[in-house]
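Dear colleague,

Please find below the sequence and the structure that I am handing over to you. My notes on what was found follow directly after.

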Amino acid sequence: MERSGGGSIDSFLTWLIHPVTVAATALLILNDQVLKAAYPGWLTGKLSDAAGLVMAPPLLAVVLVLPNGCGRLPALRRTVRVAGLGSGRTSGDLLAAVSIFIVGVGFTAVKATPEGAVTASAVWSVVNGPSVILADGTDLLALPALGLAWWTWRSAVARPSPARWLRMVAVLVVLPIAGLGVAATSAPRYDDAVALYEWRDVAVAGIGNAYHDSREPYTWWIGADDGPTFSELPEGGYELFSKQPPPAASGEDCSARDPGHCFRIVPRRLAVQESRDGGANWRVAWQVDEDARQRLATAIPGMRDVAEYLSSRALLVRDQPDGGVVVLVANGRDGFVRRDTAGRWERIGFGTLAGDSFRHQQPATPIPDVAEATVTVGWRVAVPLSVAVGSLVVLAGCATLLARRYGWFVIPIAAVGGALGLVALGVYVPYALRGANSDDAVGSVLVVALIVGMTAVPAGVAVLVANVTEPSQAVAGRICVAGTLAGAMVPLPLLLRLLTGWPPQRAAVVAVPIVAVVVMVVGVVWAIRCAVRRVPRRGSSSAGTPPWTPPDPPWPKTDDAPRTA
């Protein structure tokens, strides 16, 4: 039997499109883009590691062998087969083993050592944008997946050389998707100002990664000037700081020089209060009001719980040599706010992170105005809900028309589409109530499911109704118009806010799903009632006949006899 040479590019393409490799690639993308966001935890983390260890070696091997095989790529027009099972086997096994070894060593170095994780994060941030890879020794439990990768390689060698179309699929489809899957494996870094410390007479800021739903810092920055410029801890500082961390700053602090001058945060708000009499009386010194905070949330990617991730968490008062005080406040995803010695407050975001060879500025996110924030929420929340509501109304009415004409067996078929739409709607409404600020893949999948699924099924049913029975066309047209009007009513709260500035941002967002549910129930009931009243049931005496019978002939008869000359 003819087999592909173990050292040829065909063998590595076969390895890349092996069912196990393709399944691992699909699992990696699904887990990273959907499951991790929906079910963050130990299991989803380990699934990505195992799937990546299965699909990375064949991807690396193809990348390594592709330059040498480029001269053979034109041979995609033909199938190359080498006689003999063992032909080229040694060189192919060696390259496959090297690919698996490189992946295993790299994975171990990144997961087992902080230095490897820091290096990988820096490299991946250049390739894939701001990213963070965390060292976690428990991830090494996934290393046995490399054995599955080797078994997959041996299975690929035993297979015939892939046909021309399969090689085209491997090079033009699977290879780019696998590369994107690897790139997407690195989770984004959502910087989160979660803690402040005083350490060696300097202010230290603790930065977490909100993507992982953890409010614990993973890195620390020194604010030598108490902000707005920060730098990394000096060499050896990470070990010293992590082993003996100082007490974290609380939500209230006073000047050491003037104990009566105090500041405190307002829990679950972006606000700071000030007291000049040791805490007997407080006044608002700085705040982002609630409506502005909700608008700000629409501009920050990955924002989930606004009250949790967009609120003041810690405060530090620092006496200055000139006699004034500087106040630094950690505000979660908004970064920091800083009060200078003159009493001026400024949102500085995450400031400027400076080092020996780099300078990275991360200024505060501008707060959108009412119009911009309302339009953003409209696209994210109201449009999908409008499509869902209108589609369900059309589906209910047109399915009833078909059932009246051809029997109630149509109802279970249409109910499947309606049930799927209701499930998608039920999952999407809680997401929409949060303002749909999150850019995670769960929200994207829900939007696609609502727009595509809830458009295709009702549209197909409506077209079917309009083409099978002429008496039903007018009724179907009315139902489609009703569905369009029902969908158009969903964004009315946002339209009202856009025109008048009222209701507040949060209230408008909450009102949209409520209006959607009410309009959907009323619209579905009306559509079903309209279909039942205007279309006779199958088998009735009036079924298939118009409601009135035109006279034949169509003009009235007269008793006048024809006149003759």
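In helix 9, the buried residues are Asp291, Ala292, Arg293, Gln294, Arg295, Leu296 and Ala297. Helix 9 spans residues 290-297 and is mostly covered, with 7 of its 8 residues buried. Here buried means under 20% relative accessible area, exposed means over 50%, and partly exposed lies in between, with a 1.4 Å probe and protein chains only. Helices (H or I, at least four residues) and strands (E, at least two) are DSSP runs, numbered from the N terminus.

Please note that this is a predicted model, in which local features need pLDDT of at least 70 and side-chain atom pairs count only at pLDDT 80 or more, while totals for chains, interfaces and linings use all residues. Residues are numbered from 1 along each chain as its sequence is written, and side-chain values use heavy atoms, with hydrogens and water left out.

The buried residues of helix 9 pack against helix 10 (306-309), strand 14, helix 11, helix 15 and helix 16. Ala507 belongs to helix 16 (residues 505-534) and is partly exposed, at a relative accessible area of 36%.

**The chain as a whole**

The protein chain contains 16 helices and 16 strands. It has 565 residues, of which 46% count as buried. Taking contacts (heavy atoms within 4.5 Å) between residues at least 6 apart in sequence, 65% join residues at least 24 apart. The chain exposes about 27,800 Å², and carbon and sulfur atoms supply 64% of this area. Accessible areas come from the Shrake-Rupley method with a 1.4 Å probe; for residues, only the protein chains shown count as cover.

**A nonpolar patch on the surface**

Val375, Trp379, Val383, Met489, Leu492, Leu495, Leu498 and Leu499 form a nonpolar patch on the surface, and together they have about 770 Å² of accessible area. Patches are made of residues with over 30% relative accessible area and no salt bridge; like charges are joined within 9 Å, and nonpolar side chains (Val, Leu, Ile, Met, Phe, Trp, Tyr) within 5 Å. A salt bridge, in turn, is a side-chain nitrogen of Lys or Arg within 4 Å of a carboxyl oxygen of Asp or Glu.

Helix 11 (370-406) and helix 15 (492-500) each supply at least two residues of the patch. Helix 15 gives the largest share, 4 residues. Val375 lies in helix 11 and counts as partly exposed because its relative accessibility is 40%.

**Aromatic pairs**

Rings of Phe, Tyr and Trp (its six-membered ring) pair if their centres lie within 6.5 Å; planes under 30 degrees apart count as stacked, over 60 as edge-to-face and the rest as tilted. By this rule the count is 11 aromatic pairs. One of them joins Tyr197 and Phe241: the ring centres are 5.2 Å apart and the planes stand at 85°, so the pair is edge-to-face. This pair links distant parts of the chain, with Tyr197 in strand 3 (residues 191-199) and Phe241 in helix 8 (residues 237-243), 44 residues apart. Tyr197 is buried, at a relative accessible area of 9%, and Phe241 is buried at 1%.

Trp221 and Phe350 form a further edge-to-face pair, at 6.4 Å centre to centre and 80° between the planes. Trp221 lies in strand 5 (residues 219-223) and Phe350 in the loop between strand 14 (345-349) and strand 15 (351-354), so the pair ties together parts that are 129 residues apart in sequence. Both Trp221 and Phe350 are buried.

**Cysteines**

A search of the whole structure finds 1 disulfide, defined as a pair of cysteine sulfur atoms within 2.5 Å. Cys254 and Cys262 form this bond, with their sulfur atoms 2.0 Å apart. The torsion about their S-S bond is about 100°, so the disulfide is right-handed. Cys254 counts as partly exposed at 27% relative accessibility, whereas Cys262 is buried, with a relative accessible area of 2%.

For Cys480, the closest cysteine sulfur is that of Cys398, at 4.8 Å, which is too far for a bond. Cys480 counts as partly exposed, at 28% relative accessibility. Cys530 is buried, with a relative accessible area of 8%.

With kind regards
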